[in-house]
Every structure is written in C-alpha cells, then in structure tokens.
Amino acid sequence: KGCKLVGCGSAVPTLQISNDDLSKMVDTSDEWISVRTGIRRRRVLSGRDNLIALGVDASRKALEMANVDPDDLDLILMCTSTPEDLFGSAPQIQKQLGCKANPLAYDITAACSGFVLGLISAACHIRGGGFRNVLVIGADALSRYVDWTDRGSCILFGDAAGAVLVQACDTEEDGLFGFDLHSDGSGQRHLNASIKEHETNTALDSNGSVLDFPPRKSSYSFIQMNGKEVFRFAVRCVPQSIESALQKAGLPASSIDWLLLHQANQRIIDAVAARLEVPSERVISNLANYGNTSAASIPLALDEAVRSGKVKAGQTIAAAGFGAGLTWGSAIIRW
Ligand code: ACO
C-alpha cells in the first residue's frame, strides 16, 4: 500500500516580536541575531491564544485543501513537546475539529524532529494498520519554556502550528520514498527542558505530626542549550541522515527538487545544503519571519511554499528534522 500527502495548512499567533523588540529586553541587536541565525522576527502566543486553537486552524486548512471531511479522519497525530495538557493535546484537537467517529488521536514528543517522526508514523499506520486518512500536526509553543533573560536562547524560538493530511493510495502513487530516524540520549545535556523537583515545606498529617514523605512539587525548567554543540550535531548528522534516506529510496541527491530542513538557524541550513551540494535556489527557508518553531517549522515552511506556488505537484522534497533528545531524521517525499 502507498501513502501520499494531499493537503497542508498552517497557523501562527498574531503577536510578532522583532529583533529590535528583543534588544529592549536583553543585551543583543538586530545585526547580531540576523548575522548569526538569519532570524529577524518571530510570532509568540499571547492573551487568549493557545496551541490547540493554532493546531485546529492549521488542520482545517489542510483538510480543506485535501477536500477531506473531519469525519473521514482515521487518526490524528499531534507532534508537540509543549502540550496544553501533560496527558496529551491530540484528543482536544479531535474534539474541536468535530470528528464524530472518535478517531484515535495521540501526541508524539520528539521536539524539533517531531513532525518527521509523525510523518513516518502516519505512513506506518497506513501501510500496516489499515488507516486511510491520517492528520499529522506539528505544533509547539517553546516561548512558554524560554528564559526571556537569556540572550543565548531567547532570540531563537517562536510559536506556530502546521499540518498535513497523509492518505492511503495505490503503490504506484506512493509519495513517501525513504526515511531515516535516530536518537542519541547521551546528547540530552546539550539541549533540554528537564523536570525540576522542588523542596516542599514540611507537611503535616491529619494528626498534626510531621510527614516522613512530604508531597513533591515539580515543574519544567527553562530551555537549557549549548548552542555550539547543537550546531555541530546538526551539521554532522543531518546530511548523513538525508543521504541514508535517499539511499533507501534509491534516489541520487540530484533528484531533490527542494531541501526542507527544520528551521533552526540559516547557517545550519546553508552548511547542510553545501554538504549535499544542493544550490540555494532549491532550499526552502522562512525562519527570518518565524524563528525556530520546533515541530511546526517543517509543515509551516511546506505550507507557505505550496501555497505560494514554489513547490509544485510531483516534486521531490528532502525533509529533515533535528533537535532535543537528541533526535534527528529525514524523509524523502513527493508533494
Ligand atoms: N546577542 C549578542 N551577543 C550574544 C548573544 C546575543 N543574542 N548571544 C550570545 N552572545 C555572545 C556570547 O555571550 C559570546 O560572547 P563572548 O565571546 O564575549 O563570550 C558571543 O556572543 C558568541 O557566543 P556563542 O554562543 O559562541 O555564539 P554562536 O556563534 O555559537 O551562536 C547560536 C549562538 C546562534 C545559539 C548558535 O550556536 C546556534 O544557532 N546554535 C544552534 C542552536 C539551535 O539550533 N538550537 C535549537 C535546536 S532545535 C530544538 O530541538 C529546540
């Protein structure tokens, strides 16, 4: 059985923060940020915005493009590391889309590799599980975990959601040619937002005696990042991963119409493109406007490229995600 991408959509919050705005908050400048990262502005959740609403908005656009009714969805995969609910956000998206048949909906947590993993998972569900219409959403709000006093990291991130509809098809129409996925937990120290246990005040039992085991309180820490190590990891692992996915697909690098990497840093994108000898005209980049939107970055950039007419039907895209975990992976897809 084959599977193909039949629709895409995206949504971003309305609040925009420019590099100049950031330079009023921390000791930085538009020049430093744009030269080192390529980022000029980012969108950030504010007021009553929330990630589920963004995910629903992006999903509706993808369903509309695919001409598929929410009732015909068999599965919803919400790729996010910043869920609205620790127990999972996907069922809330399912509810708000109004899917009457109660299709399975669950979250996938793999930071900036989440969307690629979601895409591969959708393909596996279709090929092995009899599913027909699978909605894959990449959505993150890292702004919630950014230390806005840390100039080394707060300049990088933005919030967004993107979605694609993956549909079962005949083998000859197959649009997912090859993939490659990895993780390396030993690199977690370079990029994380770990759980923190807090000391609690002495707690008393109902008789007023001091409890031996007072209840614990915990919360997630801000994003901790060693930028240089993450940079080195990305430039080393991503080209290898794309080459491996191409090899599995039986395709040469010259068959790539578009290189679509997780939008983390323009210098990472340029270095990977140079290593794969993909010319800059065939590289998709929109991080100047949105920064690093984690799991949302690939479907957001894909959606913009499709709707602007840049990516055309039948073209081959090498997509790759990389980030916390550490995790990384690639998929060779046909639009
Ligand atoms: N403005 C001005 N100066 C700054 C800023 C800033 N925003 N941030 C750091 N500096 C200073 C540093 O203090 C340092 O000063 P010093 O030389 O006096 O000590 C100097 O600039 C150089 O700092 P570096 O950290 O060495 O800068 P680098 O060239 O490595 O760029 C950056 C930093 C942009 C973070 C880069 O390392 C990078 O992009 N790495 C990849 C990060 C990434 O992609 N992370 C997301 C992964 S995806 C995920 O899963 C979430």
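In which loop is Leu326 found? In this predicted model, Leu326 lies in the loop that runs between strand E14 (316–323) and strand E15 (327–334).

**View 1. A cis peptide bond leads from Gly325 to Leu326.** The omega angle of this bond is near -5°, and Leu326 belongs to the loop between strand E14 and strand E15. As background, most peptide bonds are trans.

**View 2. Ala111 has a positive phi although it is not a glycine.** The phi of Ala111 is about 45°, and the residue has its place in the loop between strand E5 (104–108) and helix H5 (114–129). Ala111 is buried, because 25 other C-beta atoms lie within 10 Å, where the cut-off for a buried residue is 20 or more.

**View 3. Ser294 is a further residue other than glycine with a positive phi.** Its phi is near 55°, and Ser294 is placed in the loop between helix H8 (287–290) and helix H9 (297–307). Ser294 counts as buried, since it has 32 C-beta neighbours inside 10 Å. For both views, the background is that most residues other than glycine have a negative phi.

**View 4. Four strands form an open sheet with the order E8-E15-E14-E13 and mixed pairing.** Strand E8 (176–183) and strand E13 (258–261) stand at the edges, each with a single partner strand, so one side of each has no neighbour in the sheet. Neighbouring strands of this sheet are turned against each other by 10° on average, with direction ignored.

**View 5. E13 and E14 run parallel and are joined by 4 bridges.** Within this pairing, Leu261 stands opposite Ala320 in E14.

Key:
Residues are numbered from 1 along each chain as its sequence is written. This is a predicted model: local features need pLDDT of at least 70, side-chain atom pairs count only at pLDDT 80 or more; totals for chains, interfaces and linings use all residues. Helices (H or I, at least four residues) and strands (E, at least two) are DSSP runs, numbered from the N terminus. A residue is buried if 20 or more other C-beta atoms lie within 10 Å of its own, exposed if 12 or fewer, and partly exposed in between; C-beta atoms are placed from the backbone. Two strands pair if DSSP finds at least two bridges between them. Axes are lines fitted to C-alpha atoms, for helices over the stretch in contact, and angles run from 0 to 180 degrees between N-to-C directions.
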